[in-house]
Each structure stands twice: as C-alpha cells, then as structure tokens.
Amino acid sequence: HGEASEVVIETPNGPVAIGEHHPVVVVAGPCSVENEAMIIGTAQRVKAAGAKFLRGGAYKPRTSPYAFQGHGESALELLAAAREATGLGIITEVMDGADLEKIALVADVIQVGARNMQNFSLLKQVGQQDKPVLLKRGMAATIEDWLMAAEYILAAGNSQVILCERGIRTFDRQYTRNTLDLSCIPVLRQLTHLPIMIDPSHGTGWAAYVPTMAKAALAAGTDSLMIEVHPNPPKALSDGPQSLTPDQFDQLMAELAVIGNAV
Ligand code: PEP
Ligand code: MN
C-alpha cells in the first residue's frame, strides 16, 4: 500500500534520501537530550563524523516511572537549537499524540518507539501528518506485526515510513539487552519497499558490541543506521552502557567507510 522505495527528508543541510539506492545514512546522538551543552556538542561531533541526523529523546518511554522521563518541551527547544547550529535533521520520539504538533515543529522525522509500535491510535495520528515516520520494531513483534503497524501509517495517508530494527526479546538478557535481528534486512527487502534502519545500540545494549553489529548491518544491506552517542556515557541519564563516546563514533564511521556505501 502506497509504498515508497525511498524516503527523502528535507534538512537544513539539504535533502537526505534513505533507501536501497542511496548511500547509507547515519543517525546519531544521545538517548536523551540532557542539557544545551551536551546536545549541541554531540551534534557538532556527530556531524563532523558524517552523521546526517541528530537523534535525542525529549519524551522517554522508561520501564520504571521513577526513572528519568525526559525534559519534554524544553528538550524540544534544545533540539531546535542543535538543528539551527548544525543543520542536521532531527529525529525524536512521540509517545503521546497530544504532543505530536509541537514535536513536528522541531523534528524532521517523528520516531514511534518499540513500546508504541502497536499503539494504533498513535499510528493513525502520525499517518495523518506529513513528517516522515521512523517506526521501531516492537520488542516482541513479528515481521508481519511490524509491517501491519507500518500499514496503519500508510493507510492514514503518510507514505514516508522508515522501518527500524532495534532488537527483539529472546532468552538472554545477561550478555545482550536484546537480540538484533539482522535477518530482517533480506526478509524486508522481499516483502516491502520501505527503507530500513538498524539500531545496534538498543539491539545489543552494550557499546562494546555496537561497532561489530553496525558493520554487520552495513554488510547485510541496511539503508541506514541509528547509533547512540553520548559525551560522557557513564554519566548519561539513560542508556549510558550502550552509548559510544564521540571518539568511538569517529572510529566507527571510519570503519564503516572502509566497508563502503556509507555516507
Ligand atoms: C530510543 O530510541 O531511545 C528508544 C527508547 O528506543 P526503543 O523504542 O527502540 O526502545
Ligand atoms: Mn535509548
């Protein structure tokens, strides 16, 4: 239904196309927007390394209600400042349809997180607005579930959908947070024209494993990557253990360039 083989996103630095016939696009940034210095500083570093989009959560879907929930509207303002300072496109998550309008004022791509992949009223809402949507795979979603969730967005009138694999729940939680399903890449290629993004940060849960799986995703033919980067991971308010430092991100981008087809 209404599938596009690429999603073209207008950023201040110009249009960026994500799809099979384009160079691999890298999205990078912290799990959460914490303060102005960290988001602007991280944006500058990931831009210099070749990322085309800055990610950062303003509204965070945390397992515990007592964990940091994101800075909300003030974080959106900081993302707007980072966009202004670097020209990077912005990707940030919507959790509540009531926040969609103000998020869409700042975001170039609206993220629907794993936990909301089957929030059908939210899917309809993001389908009725015109910003591209990054649909993360639910942690226990089959490929069919995931594609049908995408279908809700397409059916509501928005054809600009990117599918993001971020790991699924399997047996092990001791050594990996999730199991990154890279086999989804060739499977999705057969089933859909929608562009593919792989998130090895949430997919593994550990910074030490992120570069290996990012390179594996590139070799397997992903269209884009999402990588969490934090200036000081041990002090991160969320997802520090899986976040690369800016130096580690530089190193990864250099390694990806060797494999080819990256940025
Ligand atoms: C995130 O991108 O920080 C996030 C919460 O991702 P997911 O929905 O994949 O857990
Ligand atoms: Mn995160």
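Modeller: Let us start with G167, which is placed in the loop between β8 and α6 (184–191). Helices (H or I, at least four residues) and strands (E, at least two) are DSSP runs, numbered from the N terminus. This is a predicted model: local features need pLDDT of at least 70, side-chain atom pairs count only at pLDDT 80 or more, and totals for chains, interfaces and linings use all residues. Residues are numbered from 1 along each chain as its sequence is written, while chains are lettered from A and ligands numbered from 1 in the order in which they are written.

Colleague: Does G167 count as buried or exposed, and why?

Modeller: The idea is to count C-beta atoms, placed from the backbone: a residue is buried if 20 or more others lie within 10 Å of its own, exposed if 12 or fewer, and partly exposed in between. G167 counts as buried because it has 24 C-beta neighbours inside 10 Å.

Colleague: Which residues does G167 touch, apart from its neighbours within four places in sequence?

Modeller: Two residues are in contact if their C-beta atoms, placed from the backbone, lie within 7 Å. On that basis G167 is in contact with R177, N178, T179, L180, H202, G203 and T204. Of these, T179 is 12 residues away in sequence, yet its C-alpha lies 4.8 Å from that of G167.

Colleague: How are C-alpha distances read for residues that stand further apart along the chain?

Modeller: Take A48, in helix α1 (residues 36–49). A48 and D250 are separated by 202 residues in sequence and by 8.6 Å in space, C-alpha to C-alpha. A48 is partly exposed, because 13 other C-beta atoms lie within 10 Å. A second case is G14, in strand β2 (residues 14–19). Its C-alpha lies 9.1 Å from that of L88, 74 residues apart along the chain. G14 counts as exposed, because it has 10 C-beta neighbours inside 10 Å.

Colleague: How should I read a strand, for example β5?

Modeller: In a regular strand the side chains alternate between the two faces of the sheet. In β5 both faces are covered: G89, I91 and E93 on one side and I90 and T92 on the other are all buried. Since 5 of the 5 residues of β5 (residues 89–93) are buried, the strand is largely enclosed by the rest of the structure.

Colleague: Which strands pair with β5?

Modeller: Two strands pair if DSSP finds at least two bridges between them. Strand β4 (residues 53–55) is joined to β5 by 3 bridges, and the two run parallel; here F53 stands opposite G89. From β4 the chain crosses through helix α2 (residues 73–86) to β5, and this β-α-β crossover is right-handed. The term applies if, with the strands pointing away from the viewer, the path from the first strand over the helix to the second runs clockwise. β5 also pairs with β6 in the parallel sense, over 3 bridges, and T92 stands opposite I110 in β6.

Colleague: What follows along the sheet from β6?

Modeller: Strand β6 (residues 109–112) runs parallel to β7, with 3 bridges between them. I110 stands opposite V133 in β7. The crossover from β6 to β7 passes through helix α4 (residues 120–127) and is right-handed. L134 has I162 as its bridge partner in β8. The chain passes from β7 through α5 to β8 in a right-handed β-α-β crossover.

Colleague: Which members of the largest nonpolar core touch the most others?

Modeller: A nonpolar core is a set of buried Ala, Val, Leu, Ile, Met, Phe, Trp, Tyr and Cys residues joined through C-beta atoms within 7 Å. The largest one has 75 residues, of which L135, I162, L163, L225 and I227 touch the most other members. Helix α5 (residues 143–155) gives the most to this core, with 6 residues. Residues up to four places away in sequence aside, L225 touches V24, V26, V27, M197, I198, A214 and A217.
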